[in-house]
Amino acid sequence: MPSFRRTAFAAASLLSACGREAARDEPMTPEQRGRAAFAECAVCHSKEDPESDGYVKLVGPSLFAIYGARSAHIADYDYSAAMREANLVWDDATLDAFIENPQKVVPRTRMSYVGMADAEKRAALIAYLKTLK
Ligand code: HEC
């Protein structure tokens, strides 16, 4: 049998061995779409606990457990005065508005990100942020 067919056969038996159906395209959950959208944030934001071993500091504060936290809650991160004085709680409404247009919600924030225009993508991203804890 030609080798591509052998490979396909091997792959198919592997998949059925795991009890999964070979060619079913399941739609992504909001969390999965949010994880993909997080790529736009990941250049500047870690999702790891800043207290954990091996935490790598990036330009922005960690977004670990950001949902429900107060703005500027990480003690040893050097926030801008604007963020320190913003006095927000990061919930659905504040995260959505901030991700859409950071400068509008926290004028003079140091977060140099233009914003995410797609409302559905923001909702998925927020669903993903909720899982970081
Ligand atoms: C170019 C780098 C950069 C990108 C890209 C970026 N951020 Fe930020 N972000 C920052 C910086 C820097 C701060 C701190 C802002 C300040 O102190 O004014 C920040 C702050 C934040 C805060 C407030 C954190 C806190 O502890 O109060 C949230 C929430 C946030 N970013 C979410 C996001 C999300 C979600 C994305 C992706 C859509 C994103 N950021 C993309 C750099 C970035």
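Ala, Val, Leu, Ile, Met, Phe, Trp, Tyr, Cys and Pro count as nonpolar, Asp, Glu, Lys and Arg as charged, and the others, Gly among them, as polar. The structure is a predicted model, in which local features need pLDDT of at least 70 and side-chain atom pairs count only at pLDDT 80 or more, while totals for chains, interfaces and linings use all residues. Residues are numbered from 1 along each chain as its sequence is written, and side-chain values use heavy atoms, with hydrogens and water left out.

The protein has seven helices and zero strands, where helices (H or I, at least four residues) and strands (E, at least two) are DSSP runs numbered from the N terminus. Of its 133 residues, 28% are buried, a class that means under 20% relative accessible area, with exposed set at over 50% and partly exposed in between (1.4 Å probe, protein chains only). Among contacts with a separation of 6 or more, 40% join residues 24 or more positions apart, a contact being heavy atoms within 4.5 Å.

Two packed helices are described by the angle between their axes and the distance between the axes. Helix H2 (residues 30-37) packs against helix H7 (residues 119-130) at about 100 degrees, with the axes 7 Å apart, and H2 is therefore roughly perpendicular to H7. Here the axes are lines fitted to C-alpha atoms, for helices over the stretch in contact, and angles run from 0 to 180 degrees between N-to-C directions; those under 35 degrees count as roughly parallel, over 145 as roughly antiparallel, 65 to 115 as roughly perpendicular and the rest as oblique. H2 contributes Pro-30, Glu-31, Arg-33, Gly-34, Arg-35 and Ala-37 to the contact, and H7 contributes Glu-120, Lys-121, Ala-124, Leu-125, Ala-127 and Tyr-128. By class, this contact of H2 with H7 holds six nonpolar, one polar and five charged residues.

On a 1 Å grid over the protein atoms alone, a cavity is a set of points where a 1.4 Å probe fits but cannot get out, whereas a pocket is an open set with protein on both sides within 12 Å along at least five of seven lines, and lining residues have an atom within 4 Å of a point. Grid points are joined across faces, edges and corners, and a volume is the space filled by probe spheres set on the points. The largest pocket holds about 600 Å³, and among its 32 lining residues His-45, Gly-60, Pro-61, Phe-98 and Met-111 are the closest to its centre. Helix H3 (39-42), helix H5 (92-100) and H7 each give two or more residues to this lining, with H5 giving the most, at three residues. The lining of the largest pocket divides into 20 nonpolar, eight polar and four charged residues.

The second largest pocket holds about 230 Å³, and of its 16 lining residues Pro-50, Glu-51, Ile-74, Ala-75 and Asp-76 lie nearest its centre. Ile-74 belongs to the loop between H3 and helix H4 (81-84), and Ile-74 counts as buried because its relative accessibility is 13%. Not counting residues up to four places away in sequence, Ile-74 touches Pro-50, Pro-61, Ser-62 and Tyr-79.

Most residues other than glycine have a negative phi. Ala-65, although not a glycine, has a positive phi of about 55 degrees, and Ala-72, likewise not a glycine, has a positive phi of about 60 degrees.
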